[in-house]
Amino acid sequence: MGPPEEEAMRGRLERAGQSHLLRFWAELGPAEREALLRPLALLEPEELAEHCRRAAQACARERRPCREKLDGRMEPLPPEVVGSVGSGDPAALERWEEEGFRQISQGKVAVLLLAGGQGTRLGVPYPKGMFDVGLPSHKTLYQIQAERIRKVEQLADQKFGSQCLVPWYIMTSEFTLGPTEKFFQDHNYFNLDKSNVIMFEQSMLPAVTFDGKVILEEKGKIAMAPDGNGGLYRALVDHKILADMQRRGIQFLHVYCVDNILVKMADPVFIGFCVSKGADCGAKVVEKAHPAEPVGVVCRLDGAFQVVEYSEIAVETAEERHPDGRLVYRAGNICNHFFSLDFLREVAEQFESQLVPHVAIKKVPYVDEEGHRVDPLEPNGIKLEKFVFDVFPFAKNFVTFEVLREEEFSPLKNADTAARDTPTTVRRSILSQHYRWAIKAGGRFVAQGGQPIPEKESFSQDEEPPAVCEISPLVSYFGEGLEKYMRGKNLPSPFLLDESKAEF
């Protein structure tokens, strides 16, 4: 970069109030100077200044001792927008499943994975999808999800006699794109067609101090962070993903988070429910475990459907119950969504610019005035994030679908030193589910000496299942078709039913 370009960049940073970023310019080599300026080149001075101003303002609101509670503006979900796997109407579930499989068989359904976060809280230096939770098969989250896609394609083919594909879009970030691409290459895309696995990157935004200054992480490096999973909507346009979906004939998207080990990929029941209702946007929810569970609640706020964070609701409101004892505000958000392609296009073209960023106050490493790196002990920086559910208010026809937590939601967020959402708890969740499937299919578990292991129909989420059983997604997508392998059979513990033992 020559002197004229340098002067132009200095001018741009001065206009944005960020000239401190060039404090160590004289000490940097050409490659370091280029690396420093690369992320800034993507932001116009006005855009950078606006980002910093909004961050500081939002942070000031967030840190007020008494944030406004939203109770007076909230209403529970009206019954007409709520479906449930526990609706007590098996015929409706069958209809929805049939409709979902029909859409899949016609090639109209894709899945989109939100995988931009690093495994920081999990304590690993690689993306969460690459994590092995310790199942007998040692399959990673990515492998489990890939095999569920293959199985749902196969089930749709069997049902409607057509060869279909479910494209897998994976939104990564600057941190996760390279490792994720290499992991898929090294594992031959888990036997999926490589052209059907489409990876793209969400944007990165500078981290900002409480007084609105971009943070220098190193002398020649700005502290950047992914723009939240709501960065999806901008990334769909920037990387021409919407155009790719249109070209493939996709009409409906199932969007989910990488860390849920129980996720039903392209769930035919959920998709069929949403399509049958003519929905442009839908959210899977689970019943809150207790009033104080720190999860967002799907409800109506000022007449529009939204997710309200637990911290924004007064205790009395969180504890309100219906006469049947169930919580009034019980629809816990699990980052598992349905979108029509038309709605996503509308969001990208009209509504994305209206999304209000959320504030994450973090400990962000920085260099001090002398150029020494500092790892702060207290939060010192702001990262602005958009969330995927921020678009709910723009939907013309929004629906929710309540599913059973023990069957469909067990996220991996923390290392085993934590109390919940750990490798141990997610492993237990999937092994418990597979044990229930095996018992329902008529299997009997026996100990090494041949003596029966007493059955248990139900056990708490904190209990290990009575026997260890893992069933490959390539054998059964959701517990179907297991009788021929299990009815009347004595099964050892641990027991692994994989595709090599199954007849196709």
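Is Arg247 buried or exposed? Arg247 is exposed, because its relative accessible area is 61% and the cut-off for that label is over 50%. Keep in mind that what you're looking at is a predicted model.

Arg247 has a partner, Asp244, and the two form a salt bridge with their closest N and O atoms 2.8 Å apart. Both sit in helix 8 (residues 241-248), three residues apart, which is about one turn of the helix. Asp244 has a relative accessibility of 13%, so Asp244 counts as buried. As a bit of background, side chains of opposite charge can pair when their charged atoms come close.

Other pairs reach across the chain. Take Lys159 and Glu98, a salt bridge whose closest N and O atoms are 3.6 Å apart. This one ties together distant parts of the chain, with Lys159 in helix 5 (residues 141-160) and Glu98 in helix 4 (residues 90-105), 61 residues apart. Lys159 is partly exposed, at 41% relative accessibility, and Glu98 is partly exposed too, at 31%.

Now look at Glu408 and Lys284, whose side chains meet in a salt bridge at 2.4 Å, N to O. Here again distant parts of the chain are linked: Glu408 belongs to helix 12 (residues 405-408) and Lys284 to strand 12 (residues 281-287), 124 residues apart. Both Glu408 and Lys284 are buried. Over the whole model, the count comes to 32 salt bridges.

Next, zoom out to the domains. The chain is divided into domain 1 (71-407) and domain 2 (423-501), and their C-alpha centres lie 29 Å apart. Where they touch, domain 1 brings 25 residues and domain 2 brings 22. About 2100 Å² is buried between them, with carbon and sulfur atoms giving 65% of that area. On the domain 1 side, Pro136, Lys151 and Glu407 lose the most area to domain 2, together 25% of what that side buries.

What holds charges across this boundary? One salt bridge is found across the interface of domain 1 and domain 2, along with nine residue pairs in polar contact. Helix 5 and helix 12 each supply at least two residues of the domain 1 side that touches domain 2, and helix 5 gives the most, with seven residues. That side of domain 1 divides into 13 nonpolar, two polar and ten charged residues.

Note on methods: Residues numbered from 1 in each chain as written. Predicted model: local features only at pLDDT ≥ 70, side-chain atom pairs only at ≥ 80, totals over all residues. Heavy atoms only, no water. Salt bridge = Lys/Arg side-chain N within 4 Å of Asp/Glu carboxyl O. Helix = DSSP H or I, 4+ residues; strand = E, 2+ residues; numbered from the N terminus. Buried < 20%, exposed > 50% of the residue type's maximum accessible area, 1.4 Å probe, protein only. Domains from an automatic or database assignment. Contact = heavy atoms within 4.5 Å. Buried area = accessible area lost by both parts, 1.4 Å probe. Polar contact = N/O pair within 3.5 Å; in protein donor to acceptor, adjacent residues only side chain to side chain. Nonpolar A, V, L, I, M, F, W, Y, C, P; charged D, E, K, R; others polar.
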